[in-house]
Amino acid sequence: ASRIEEQKNVRSGSIYADRGTALHHVMEQAITGDMTDDEVLAQFTGVAISKTTAPSLKDMVHTIDLTAELLTAKVLPALAYLDEIIPATAKLYVEQRVGLQVPDSALGHHMLNEFEPVDGAFGYVDVVFDDSATSGRAGVEDHKFGDGIMVSAEDNDQGRYYLTGSIMRGLLPIQEEYEFHIFQPADSRDPADYGSMAIYSLADLVRFSRDLADAINGPVVYNAGAHCAKCKGRLTCAAYQAMLTTAVATDVPGMSAKDLGRYKALVPALQAWCKDVEAAALRNAQLGVEIPGYALKPALGNSAWRDDQKACLALGRLGLAADVRAVKKTLSPTQALKALKDVGTETKQI
């Protein structure tokens, strides 16, 4: 049912999704062209990627400007991981379209008959590697370039889908086990955590194909639940809308699920009101107003920039080098005061 509802909703056009698409395009060119890091930087730094400049990326909405910093943070580590984990003797298939149908050319093995086909299912696999003849290893690598939720290769149905589709298309051999790798260079993580790997058995993938076929080909059932959080079709789903409007009981006496939802929606406004009270108390105390139960303490006050970008530029004009004033984010006001004093900035300028 979620698949049917999602098909009614147009693509969101997220700039982050388009950035990932652009970086995948660079990865494809770098791998198929066997480029060095220097060649990647020379060829793509300053290039604007869009559906106009790269017609194959027809779903892109935004134009993504590739910088040396972006390529160094995302593409170069992904290429290094690829070189590290995949044997040099492996046969590679890059950005391959796979589906859950067995083509006539791949019907040579009886185990393929164990998989359940699904009409219309397809997806694009970043890298399929087959080194079964030399090391016995074979599998799939998936690149993810988002900085948000980190994705594990363990118990990953997307990985199962890619492996199953690659087997059914004939890109992977029939063997007992397969590797699924995810590489996700993210600003918030230690580089040691960028890579994730899991082993999937052939029997597990056969079960997956059958479960998926049952879900797709079976009766359409609308059920609201935790899975709705990841479904883009919830805006048009009658089951989800019914869940929102039903007064489901909770463990809070006299308060239904609908009541909790309504009050939960007020939390941002209440949090903003609390901040206003804190700021007003501080401001009036600084003006000499005595407020019962409140006293000024050292270091009280607003310690956040109103505009990070402007603050970063201003600190640069005052003599702080770029690597000092901004590493992953702009210096805090407290850190900036110390840094400005350390470089000898006049008190009046500070």
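The dialogue below takes up cores, salt bridges, backbone angles and a pocket.

A: Keep in mind from the start that this is a predicted model.

Q: Let us begin with the inside. How many residues does the largest nonpolar core have, and which of them have the most contacts inside it?

A: A nonpolar core is a set of buried nonpolar residues joined through their side chains. The largest one here has 32 residues, and Val40, Leu66, Val75 and Leu79 have the most contacts inside it.

Q: Which elements give two or more residues to this core?

A: Helix 2, helix 3 (37–44), helix 4 (68–85) and strand 4 (122–131) do. Helix 4 gives the most, with nine residues.

Q: What does Val75 touch, leaving out residues up to four places away in sequence?

A: Val75 touches Leu23, Val26, Met27, Val40 and Leu70. There is also a second, separate core of 28 residues, which includes Tyr93, Val128, Val140 and Phe208.

Q: How far apart are Ala30 and Gln43 in sequence and in space?

A: They are 13 residues apart in sequence, and their C-alpha atoms are 9.7 Å apart.

Q: Next, salt bridges. How many does a search of the whole structure find?

A: Side chains of opposite charge can pair when their charged atoms come close. The search finds eleven salt bridges here.

Q: Which residue forms a salt bridge with Arg19?

A: Asp147 does, and the closest N and O atoms of the pair are 3.6 Å apart. This pair links distant parts of the chain: Arg19 is in helix 2, Asp147 is in the loop between strand 5 and helix 5, and 128 residues separate them. Arg19 counts as partly exposed, at 22% relative accessibility. Asp147 is also partly exposed, at 26%.

Q: What separates Asp157 and Arg160 along helix 5?

A: Asp157 and Arg160 are three residues apart in helix 5, so about one helical turn separates them. They form a salt bridge, with the closest N and O atoms 2.9 Å apart. Asp157 is partly exposed, at 47% relative accessibility, whereas Arg160 is buried, with a relative accessible area of 10%.

Q: What can be said of Arg207 and Asp204?

A: Arg207 forms a salt bridge with Asp204, and here the closest N and O atoms are 3.8 Å apart. The two residues lie three apart in helix 6, which means that about one helical turn separates them. Asp204 counts as buried, at 16% relative accessibility.

Q: Which residues are linked in a network of salt bridges?

A: Asp155, Asp157, Arg160, Asp204 and Arg207 are linked in this way.

Q: Now the backbone. What is the phi of Asp155?

A: Asp155 is a residue other than glycine with a positive phi, near 45°. Its place is the loop between strand 5 (137–143) and helix 5 (157–169). Asp155 is exposed, because its relative accessible area is 59% and exposed means over 50%.

Q: Where is Glu95, and what is its phi?

A: Glu95 is in strand 3 (residues 91–99). Glu95 has a positive phi of about 50°, although it is not a glycine. At 22% relative accessibility, Glu95 counts as partly exposed.

Q: Last, pockets. What is the volume of the second largest pocket?

A: Rolling a probe the size of a water molecule over the atoms shows where empty space is left. The second largest pocket has a volume of about 410 Å³.

Q: How many residues line the second largest pocket, and which lie nearest its centre?

A: It is lined by 21 residues, and Ala1, Ser2, Arg3, Val221 and Tyr222 lie nearest the centre. By class, the lining has 14 nonpolar, four polar and three charged residues.

Q: Which helices each supply at least two residues of that lining?

A: Helix 1 (2–6), helix 6 (202–217) and helix 7 (238–245) each do. Helix 1 gives the most, with four residues.

Technical notes
Residues are numbered from 1 along each chain as its sequence is written. This is a predicted model: local features need pLDDT of at least 70, side-chain atom pairs count only at pLDDT 80 or more; totals for chains, interfaces and linings use all residues. Side-chain values use heavy atoms; hydrogens and water are left out. On a 1 Å grid over the protein atoms alone, a cavity is a set of points where a 1.4 Å probe fits but cannot get out, and a pocket is an open set with protein on both sides within 12 Å along at least five of seven lines; lining residues have an atom within 4 Å of a point. Grid points are joined across faces, edges and corners, and a volume is the space filled by probe spheres set on the points. Ala, Val, Leu, Ile, Met, Phe, Trp, Tyr, Cys and Pro count as nonpolar, Asp, Glu, Lys and Arg as charged, and the others, Gly among them, as polar. Buried means under 20% relative accessible area, exposed over 50%, partly exposed in between (1.4 Å probe, protein chains only). A salt bridge is a side-chain nitrogen of Lys or Arg within 4 Å of a carboxyl oxygen of Asp or Glu. A nonpolar core is a set of buried Ala, Val, Leu, Ile, Met, Phe, Trp, Tyr and Cys residues joined through side-chain atoms within 4.5 Å. Contact means heavy atoms within 4.5 Å.
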